[in-house]
Amino acid sequence: MNSETATVQQVALEKDDRGNFSFPENHKYDAGYGLTKDTLDYISKVKDEPQWVNDFRHKALETFLSKPMPTNWATEDLNAIDFDKIRYYLSDGATPKRSWDEVPPEVLETFDRLGVPEQERAFLAGVEAQYDSEAAYSNVKEALADEGVIFVTCSEGLKEHEEIFRPWFGKVIPTGDNKFSALNSAVMSGGSFIYIPKGVKVKHPLQAYFRINSENFGQFERTLIIADEGSEVMYMEGCTAPKFETATLHSAVVELVAMKGAKIQYITVQNWSSNVFNLVTKRGLAHEDAEIRWIDCNIGSRLTMKYPGVVMKGEGARGEVISIALANDGQHQDTGAKMIHAANNTTSNVVSKSISVGKGRSTYRGQVLIPKHLKGCKNNTECDALLINSKSRTDTYPAITVKGNQHVTQHEASVSQVSEEMLFYMQQRGLSEAQAMSLAVNGFINDLVEEFPMEYSVELKRLIDLEMEGSVG
Amino acid sequence: MSATLTSPALEQFEALDWPVRTVENWRFGSWKEANLSGLELVGSGISGKLPKPLEGFTRFVFENGTLVSGSHDSVVLTEESFGPKSRLGSPKLAALHTAKSDHGLHIKSATDLSVEVIHFVSGEGLLLPGIVIEAEAGANIRVVKRFISVDNSAATILAATDVRIAENAHATCLVTQELNLKSKFIRFSDSTLKASSTAKLAVIHTGAKWVREETYSTVDGMDARSEILSVALPSTGQEYDQRTFQHHGARNTYSELLFKNTLFGKAKTIFSGLIFVDEGAHGTDAYQTCRNLMMTDECEANSMPGLEINADDVKCSHGSTSSRVSDEEIFYLMARGIPSKDARNLVAQGFSVEAIEKLEDEQLEALALEVVERKFTSVE
């Protein structure tokens, strides 16, 4: 037995109660329930923010209140969110820790339960572990600092690196982009600010673990990554959340800026518990010859609405979205991609695969825009959906606008199921029906899973095995 | 007159709102064009030059709302609307048809039948034609419906078609829209297919400044097969907005949609399609393809091919492409002595023919080709 299978089995055994726990809450700062102007002032005061940030929050609140729920195209389930029953800011008040010894023991225990191995932790370069809305532990490896890489919380970024932070903050995703980006702009806390200087190629992926750990508490992290000319960076976020009875809200905004020739890869594995509304706005701005890739995997949450986008602003820019979604009973994975071609010879690629199990519903929603007077733009979009059970549901709603005849776009989508023959073949060779189904599903997404770093792809396969348990028979 | 004013249909029309931007079924669309408030019904019309008759077809000719020739035992002239339902964003327009349409045809036959309906359109104002085509069990019905402008006035046509196909019946319908470039054309096209029936519903658009077409096909019986075809050739000043819905409500049903748009000048097209598979409609086989051929650098194509699948054991796919005639193809034809412009048009016509050929009816194909060719010669 090779070591990889051993790990898979071992971790699979431990998985059952993984993420299914919570710890006593111990918050120094608590903005209370509901959203008013006072909430914003409270957050600003606790975080000791400059006036411009406070103004920014207030303006965003007005936008949030003035925008209707987008139920003219999105699911009615959004109306189940009660904004008055959400706590918008919680913090244990601790400043980011610099060494493991200073991290509160219950946080360390959380990481143990999350299955982050001891050795791996030591190797994890620049782990930004987020516990509730503030970074409970933050360690930027010295080597990174020496190269001039800035990897701090968003709050630190806007205070200590205003000259780099402010020109791009809210520029890729303006406050009024949608109702939830406005909400995030009003109550944002936590998240990362990363700056990679010219020509620096960060070898190790930067990582952040997010957790939600208070009932009715939403996380509103705000991340801004700027990769200067010719630099490269890979950022990974993974999340699990303890299970709670009532719905929680997670509404993040992630902005990426890739300057000339820079490359950014942003990898997400989302496994929130199935009562979380995960309404995230993610967009990147790619300048000349820059490349932005979103690699996105959604397994958890009650409702996820997430359409990572790339605005290709400079000639020769490239954008890519690779997406895997798995929707089980009671879940709706509403994911997709947005590709805005704003310069000549820009190329975008979207590959989306979704799996609907039980009564799960998965949706692909996409937008491709090639405006007037451009030439040589190319887009390829592929969406494949796999339906496992007779009550499973899948939808596809792409929108493609092309102006002019100097471009090539193609869109294809297909829906299929695991064939009886395939299952029969595998069962003949001694696999149980569930194992056969799991193998078929893993085969369906295999080419995309390979895009994830090794430890993620192992975890992904494990998660899919677990999700497939009990889905057949 | 007072009875008409208080009819429930009119009340419903008054109560509904004109389309607005936020309605998802009007995304990318010119919803303001759909506001027909204040528009009066058009008066009596004038005659035009009759096209060559189709052999074996019974011909009916309308001049605006008046039937001037044609009769058949299986065809009844009606004086009110059959009441179209808009399920794709225009309930007010459907209610307008229901409340105010005063002429239509009802074709109902249990035996084979071929009917040609010509609508000569003239004058300014609103025209509300309707047609019901009922193919009873085992019948094979062919219907050609042409909308032809005879003058250069800005007419507004709000047409409604309902095709009902019983068990083992077959219907082929071809609608050609050859209006002048000032007119607006709105059409509801509904069809319902029972077990083992087949339908081929095709439309050719060459005229009008603005077209809004809502095609709703319900495949309701086992082994029914529905084909929806469209060829659109818009040029500068023309915008075509086509919305389709392929509804699979029974097991082992088949539907295929093929839309071919060739865009000249500053033309704009919108295609929004949805394949909807009901819970329990297992064994559905559904396809949807929209292809845009971009002839200039100023045209605009919007495509929204959609799927909503609530059953498993289905085969569904959709595809949408936008591109131009490839340089290789042009080079090949030029090398054989065909000038570049002719070569481009030749390839583009071939592109349209792919959809027309699916009619599998020589007479209808010939007519469709003739309409397409006329547009090609008129485009710069």
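Reader: Which residues does V187(A) touch, not counting residues up to four places away in sequence?

Author: In this predicted model, V187(A) touches L35(A), T39(A), L40(A), I43(A), Y88(A), Y89(A) and F220(A), where two residues are in contact if their C-beta atoms, placed from the backbone, lie within 7 Å. Residues are numbered from 1 along each chain as its sequence is written, and chains are lettered from A in the order in which they are written. Local features need pLDDT of at least 70 and side-chain atom pairs count only at pLDDT 80 or more, whereas totals for chains, interfaces and linings use all residues.

Reader: What makes the largest nonpolar core a core, and how many residues has it?

Author: A nonpolar core is a set of buried Ala, Val, Leu, Ile, Met, Phe, Trp, Tyr and Cys residues joined through C-beta atoms within 7 Å. The largest such set has 220 residues, and V187(A), I194(A), A227(A), L256(A), A258(A) and A368(B) are those with the most contacts inside it. Strand β9 (residues 155–165) of chain B gives the most to this core, with 7 residues, strands being DSSP runs (E, at least two residues) numbered from the N terminus.

Reader: Why is this core said to lie between domain 1 and domain 2 of chain A?

Author: Domain 1 (22–306) and domain 2 (419–473) of chain A both give residues to the core, so it lies between them; the bounds come from an automatic or database domain assignment.

Reader: Why is D162(B) called buried?

Author: A residue is buried if 20 or more other C-beta atoms lie within 10 Å of its own, exposed if 12 or fewer, and partly exposed in between. D162(B) has 21 other C-beta atoms within 10 Å, and is therefore buried. This residue is found in strand β9 of chain B, and, leaving aside its neighbours within four places in sequence, D162(B) is in contact with F82(B), P84(B), V132(B) and D190(B).

Reader: How do you know that β22(A) and strand β19 of chain B pair?

Author: Two strands pair if DSSP finds at least two bridges between them; β22(A) and strand β19 (residues 300–309) of chain B have 7 bridges, in the antiparallel sense, and thus pair. In β19(B), I309(B) is the bridge partner of T394(A).

Reader: What does β22(A) give to the side of chain A that touches chain B?

Author: Contact between the chains involves 31 residues of chain A and 37 residues of chain B, and β22(A) gives the largest share of the chain A side, 11 residues.

Methods:
Helix = DSSP H or I, 4+ residues; strand = E, 2+ residues; numbered from the N terminus.
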